[in-house]
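Good morning, and thank you for joining this meeting.

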Amino acid sequence: AYGDEVIVLDKLTYAGRPENLQDLGDDVRLIEGAIEDEAKVAEALKEGADAIVNFAAETHVDRSISGPFAFEETNVRGTMVLLEA
């Protein structure tokens with residue numbers, strides 16, 4: 001809703017850029033970090049949240065073949081960290 005604060009937690013890899021958020025105004029704050037980083041997730045949630053949307057995922061099949069542990073870390077462990085927080 002209008003006036004809600006939005007906190008974006010993003011590790012800004014190949015697909016993330018802070019410039020993507022610049023036109024969204026002062027109600028959007030970026031915290032650079034990974035969903036699997038318990039301290040960064042706690043920082044993002046320290047003031048509480050009414051809702052959480054998880055868009056963090058490793059999705060490129062070619063990258064999963066050459067680096068499967070990154071997929072497990074983000075997709076599985078990251079989701080568990082978020083759920084525990």
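**A buried glutamate, a pocket and a patch**

Glu 58 is buried, since its relative accessible area is 15%, and buried means under 20%, exposed over 50% and partly exposed in between, with a 1.4 Å probe and protein chains only. This is a predicted model, in which local features need pLDDT of at least 70, side-chain atom pairs count only at pLDDT 80 or more, and totals for chains, interfaces and linings use all residues. Residues are numbered from 1 along each chain as its sequence is written, and side-chain values use heavy atoms, with hydrogens and water left out.

Glu 58 sits in the loop between H1 and helix H2 (61-66); helices (H or I, at least four residues) and strands (E, at least two) are DSSP runs, numbered from the N terminus. Between the C-alpha atoms of Glu 58 and Pro 68, which are 10 residues apart along the chain, the separation is 9.6 Å.

I turn now to the pocket. The volume of the largest pocket is about 1100 Å³. Its lining comprises 34 residues, and those nearest the centre are Ile 7, Val 8, Leu 9, Val 53 and Phe 55. Strand E1 (6-10), helix H1 (38-45) and H3 each contribute at least two lining residues, with E1 giving the most, 5 residues.

Finally, I come to Val 76. This residue belongs to helix H3 (residues 68-84) and counts as partly exposed because its relative accessibility is 48%. Together with Met 80 and Leu 83, Val 76 makes a nonpolar surface patch of about 310 Å². In such patches, residues have over 30% relative accessible area and no salt bridge; like charges are joined within 9 Å, and nonpolar side chains (Val, Leu, Ile, Met, Phe, Trp, Tyr) within 5 Å.

Key
Accessible areas come from the Shrake-Rupley method with a 1.4 Å probe; for residues, only the protein chains shown count as cover. A salt bridge is a side-chain nitrogen of Lys or Arg within 4 Å of a carboxyl oxygen of Asp or Glu. On a 1 Å grid over the protein atoms alone, a cavity is a set of points where a 1.4 Å probe fits but cannot get out, and a pocket is an open set with protein on both sides within 12 Å along at least five of seven lines; lining residues have an atom within 4 Å of a point. Grid points are joined across faces, edges and corners, and a volume is the space filled by probe spheres set on the points.
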